[in-house]
Amino acid sequence: MENRKKKIGPNNPTKSVSEPEPEPNADVWSFITKRSTKSMFLCISLFAVLIRLAVSLHPYSGAQTPPKFGDYEAQRHWMEITVNLPVKEWYRNSSSNDLGYWGLDYPPLTGYQSYFHGTLLKFFDPASVALFTSRGYESYFGKLLMRWTVLMSDLMIFFPAVLYFVTVYYSGKPTVDRGSMAWHTIMIFLNPCLILIDHGHFQYNCISLGLTIAAVAAILSDRDLVGSLLFCLALNHKQMSAYYAPAFFAYLFGKCLRRQNPILEVLKLGLVVLGTFALVWWPYLHSVDGVLEVLSRLAPFERGIYEDYVANFWCTTSIAVKWKRLFTMQSMKLLSLTATVSTFLPSTIQLIWSPTRRGFLLGLINCSLSFYLFSFQVHEKSILLPLLPASLLASEEPFVFQWLIYHALLSMFPLLRRDDLVLPYAALYALFVLLYYVPRGRKDDAKETVSFYSILQLVAFACSLFLHIIYLNITPPDKYPFLFEAVIMIFCFSQFVLISIYLNTRQWALTKNSTRSDTKKKRL
């Protein structure tokens, strides 16, 4: 087709322009956005799989470091226990199941997952899950099978959940920018922290996080009962999913209060929750001792209030306040509970008062950050929980998502360096920055504004880069061997606190906007 042309002026009859040409930046995503939605998702998914496969070629937690190795051995050992012992003995200390050697300390759904994966390993490589003799098993074929179980979990649960969420999230919008949808999908799929922990360090966070994403998507599409069931499954896979529980409860309760029969709606949700828990816990419900055995494994208070150098309140302030010396275990439990509840309470109150889709996603970030910063026994990897809802809200809050990703990566850097994952860490960091700044992706492409927070983020990023260089190239003094870990921890903690304050302010601003809107309607 020929372009229609028009003259610019009488003195320049030959100069012409074509009817509006697309912006050069618009073509960046054209290779996927000009195709169908299914094709777009397929292209992005294949790319995400390739990245995961590339990371899985690198070392894992505890590789060739006896006697207890690391998280890789923990996951393999749970498969060994679940395929060789009856279900009622999975959480019981015995001569066949030494709980001191990576005893199962997650809810029953993790046990069922371990049994499923262990059955596959037993079929292809029986020696990898043989009782007792498989401890520290690290054959090439065994490692390959273990890596494939993580990828399979991703493909079966996390990937479909993300596609479900993106479909629901954009179906409610009057106009859909396919470039923005593609960018948003990539940001969730290529979360560098999740990929490094699951496919590098070695865990199965993709299962509980995938179930949580599916629960969020179901609730956003007003399938509250389905969403409740899915979230209960997430809770029964990893107890850390409780970081999201206050937001789920508050949002659903706020919605129930606005229905015609609130009591009936609450009862229906309660029945779904009780039914799901009863189904998952059924093998242990036949005796009180069976339930207590499982519960005792889910709350390892004996480990103390924190481990290693996690960027939360208790670990950061322990430099000045020796919490473990000054307070008993019981006192620390109470302090931690009080601090956690008091910090997530404002967010939950706002959700009950004014339940909105955007408020729900903000509430998920705020509640999970409260747990990360103040709850008992937090790990560096727990930052994955606030990161998940931040990625779901990335198209509306790209600034916060980027800010949180940078410092989540930095907070986990000492852990990943111990696992010899510096190369995939640097590669995924660079890939994230590249994809984040691809034009036509973010909501703030056209209007980047200079504000206090943007300047603060720039300074923080420069400090983060400097800390990476220092940590890799300078040896700390003998008197303070963990000096740089402590500096990284303090710096990341300060950023997480600022993000929490900022997002709580954003969430409560929704209530003001809602009140103004209601006032205008009344005047009309």
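Cysteine 232 is buried (under 20% relative accessible area, with exposed over 50% and partly exposed in between; 1.4 Å probe, protein chains only), because its relative accessibility is 3%. Cysteine 43 is partly exposed, at 34%. The disulfide count is zero, a disulfide being a pair of cysteine sulfur atoms within 2.5 Å. The model is predicted, so local features need pLDDT of at least 70 and side-chain atom pairs count only at pLDDT 80 or more, while totals for chains, interfaces and linings use all residues. Residues are numbered from 1 along each chain as its sequence is written, and side-chain values use heavy atoms, without hydrogens and water.

The largest nonpolar core has 151 residues. Such a core is a set of buried Ala, Val, Leu, Ile, Met, Phe, Trp, Tyr and Cys residues joined through side-chain atoms within 4.5 Å. Phe158, Phe165, Val216, Phe248, Phe360, Tyr372 and Phe496 touch the most other members. Helix H18 (residues 398-418) gives the largest share of this core, 14 residues. Helices are DSSP runs (H or I, at least four residues), numbered from the N terminus. Beyond its neighbours within four places in sequence, tyrosine 372 has contacts (heavy atoms within 4.5 Å) that include Tyr243, Val310, His379, Ser411 and Phe496.

Helix H4 (108-124) and helix H5 (140-171) each give two or more residues to the nonpolar patch. H5 supplies the largest share, four residues. Phenylalanine 123 lies in helix H4. This phenylalanine 123 is exposed, because its relative accessibility is 66%.
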